[in-house]
Every structure is written in C-alpha cells, then in structure tokens.
Amino acid sequence: MTNARGATAAKTVIVTGGAGEGIGGGVSAVLAEAGWNVVIVDLDLETGRALSKHLAGQGLSTAFFEADVTMPNCADEAVAFAQSNFGGVDALVNNAGIGMVKDIADVSDEEYRRIFSVNVDAPYRFSRAAVCAIPRSGGAIVNIGSVHALATLAGYTVYAATKGAIDSLTRALAIDCGPRGIRVNCIHPGLVPSPQNRELIRRFADDVDAWLDTYTLRKQLLANLPTPRQVGELVKFFLSDAASAITGQSIAIDGGTSAMLYER
Ligand SMILES: NC(=O)c1ccc[n+]([C@@H]2O[C@H](COP(=O)([O-])OP(=O)(O)OC[C@H]3O[C@@H](n4cnc5c(N)ncnc54)[C@H](O)[C@@H]3O)[C@@H](O)[C@H]2O)c1
C-alpha cells in the first residue's frame with residue numbers, strides 16, 4: 001500500500017474497540033510496533049488512555065478517541081480525528097464487538113438491536129467513512145468476524161447472525177472497493193482469551209478455568225489457544241503489501257476448531 005501523503009509518512013489505521021484486553025489490544029499493539037499510527041476508538045476511557053499511554057511510552061504512535069461506535073456520527077468523527085492527528089486514514093480494523101449467549105426465546109428486541117448495532121451497523125458505518133477517506137492510491141479494511149459465522153452452538157443465534165453478516169459484508173465491500181484500490185478481508189477468530197469471553201463462558205460453565213483447560217483438548221487440533229497478538233499479526237499481514245493480491249477473503253484463526261466435524 002502506497003501512502004499518498006509521501007513515501008516517508010507512516011500510515012494510519014483506525015482500530016475500533018482497540019483498547020480491549022483481548023483481540024483489540026493485541027491488534028493495536030502489533031500495528032503500532034509495525035510502525036502504523038494507530039487511532040484507538042473505544043468507549044472504555046480508562047483502558048483506552050492507559051493503552052495509548054503505554055504504547056506512546058515505547059515511542060510508538062497512537063491516539064485515543066473515546067467514543068461509542070453505535071453513535072451515528074462516530075465513524076465520521078473518528079475519521080476526522082485521524083485526519084487532524086495524523087493527516088489521513090489508510091486502513092481500518094473493525095474489531096469492536098459484543099457477544100451474547102441466550103436462548104432465542106429470551107432475547108428482547110432491544111438486546112437484538114444492540115448487538116446488531118455494535119457488531120454490524122458500526123462496521124458498515126466505519127467502512128463507509130473509511131472508503132471515503134482512504135486515498136486513491138489504496139488502502140485496506142480488516143473485519144473481525146468469528147468462527148460462529150461458519151458453525152455455531154446453542155444460545156448463539158443472534159451473535160452468529162451478526163458474524164455471518166460480517167462475512168458477507170466483507171465480500172460485498174471488497175467488490176465495491178476493489179476499483180478504488182481498497183482491499184477488504186475478514187478474520188474469524190476461534191476462542192481467544194479476553195475478559196468479555198470469560199464473562200460469556202460463565203453463562204454456561206461454573207468453573208471458567210476448568211472449562212478453558214479442556215477446551216483445546218476437545219475443540220482444537222493445536223495445543224494452545226490463539227492469542228490476541230497472533231490475531232494482530234494476521235491483521236498486520238492483511239494490511240501489508242504482502243497481501244496486495246488478496247481481497248474478499250475470510251480466514252479462521254482457531255487452532256483447527258472449524259476444521260473438525262465433531263469434538264475430539
Ligand atoms: N475473544 C474471542 O474469543 C473472540 C472470538 C471470535 C470473535 N471475536 C470478536 O473479536 C472482537 C474482539 O473481541 P474480544 O473478546 O477479543 O474483545 P476485545 O479485547 O477486543 O474488547 C472489545 C473492545 O470493544 C470495546 N467496545 C465494545 N462495545 C463498544 C462500543 N459500542 N463502542 C466502542 N467500543 C466498544 C470494548 O470497550 C472493548 O475494549 C469482537 O468483534 C468479537 O466478536 C472474539
């Protein structure tokens with residue numbers, strides 16, 4: 001990806017939910033270490049400021065934009081923030097997302113709307129804003145989906161539907177954005193340690209640590225859970241020139257979970 005603002009200027013990426021202690025933080029850190037200017041968009045003021053300060057303390061280039069991605073003007077304001085701090089936007093990572101484990105009969109309209117608003121409406125609005133801002137010389141978008149887009153479990157109807165939408169959004173956006181030189185790809189993580197995840201597992205398992213201990217044995221081919229930084233490395237690849245021939249694709253990073261028909 002060439003930067004229209006000059007070969008020596010660092011490129012700028014917006015990471016939604018980029019303050020998170022799971023995938024979001026891993027993506028922000030890996031991209032900042034790779035030389036990107038990282039605009040972290042998150043509603044968690046404390047964690048966002050702390051991460052931004054931590055990365056800046058290592059001489060890395062980040063700025064924190066406190067915002068709720070479901071607010072209608074949030075995406076345009078985040079792009080304007082990136083432009084005023086770093087001179088433009090070259091890439092976007094749609095990471096902010098919330099989970100839900102609940103029987104379909106118990107899901108209220110408000111809960112349904114909220115999860116679609118965070119997991120689907122916001123990536124759509126952020127992608128639209130980024131597409132209008134990314135220079136004609138090209139850029140890239142990475143959407144964070146989930147293995148629940150491919151196969152799912154009891155209680156995940158609404159969450160799985162949002163991640164299925166992200167998978168389709170990726171392909172459709174790639175088609176619209178290809179002629180503009182913008183590549184769009186999707187990463188489907190399996191189980192990656194995060195505070196949000198522990199909270200969801202608690203809904204169906206009394207002992208979260210015991211459940212996690214057996215998860216890799218039952219549900220993965222590989223011994224270790226994917227880490228937030230490993231997801232960040234995959235995002236880094238998709239944003240790099242090494243991926244300049246790849247668009248409209250989805251890939252799972254799940255230790256083999258989605259390759260199995262049954263539990264081991
Ligand atoms: N962790 C996993 O196992 C896993 C697996 C598959 C997919 N995912 C997806 O990866 C993404 C990251 O999940 P994670 O669990 O790693 O969490 P994370 O560590 O990336 O944290 C999510 C961040 O999003 C922020 N956020 C939530 N709602 C927001 C809103 N309305 N506005 C602004 N910020 C908001 C939170 O404050 C938090 O900092 C999500 O899209 C999730 O669905 C996660």
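At what angle do the axes of α1 and helix α8 (residues 228-239) cross, and within what distance do they come? In this predicted model, local features require a pLDDT of at least 70 and side-chain atom pairs count only at pLDDT 80 or more, whereas totals for chains, interfaces and linings use all residues. Residues are numbered from 1 along each chain as its sequence is written, and side-chain values use heavy atoms, with hydrogens and water left out.

The axes of α1 and α8 cross at roughly 50° and come within 7 Å, where axes are lines fitted to C-alpha atoms over the stretch in contact and angles run from 0 to 180 degrees between N-to-C directions. Helices here are DSSP runs (H or I, at least four residues), numbered from the N terminus. The two helices α1 and α8 are therefore oblique to each other, given that angles under 35 degrees count as roughly parallel, over 145 as roughly antiparallel, 65 to 115 as roughly perpendicular and the rest as oblique. Their crossing is right-handed, that is, the near helix is turned clockwise from the far one by less than a right angle.

Helix α3 (residues 74-86) packs against α4 at an angle of about 40°, the axes lying 8 Å apart, so α3 and α4 are likewise oblique to each other, and their crossing is right-handed. Between α4 and α5 the angle is about 15° and the axes are 9 Å apart, which makes α4 roughly parallel to α5; this crossing, too, is right-handed.

Around the ligand there are 30 residues, of which Gly 22, Asp 42, Asn 95, Tyr 159 and Asn 197 come nearest, a residue being counted as near if one of its heavy atoms lies within 4 Å. The shell divides into 12 nonpolar, 12 polar and 6 charged residues, with Ala, Val, Leu, Ile, Met, Phe, Trp, Tyr, Cys and Pro taken as nonpolar, Asp, Glu, Lys and Arg as charged, and the others, Gly among them, as polar.

A backbone N or O atom of Asn 95 lies 2.7 Å from an oxygen atom of the ligand, and for a side-chain N or O atom of Gln 196 the distance to a ligand oxygen is 2.9 Å. Taken alone, the ligand exposes 820 Å², of which the protein buries 91%, as calculated by the Shrake-Rupley method with a 1.4 Å probe.

Key
Polar contact = N/O pair within 3.5 Å; in protein donor to acceptor, adjacent residues only side chain to side chain.
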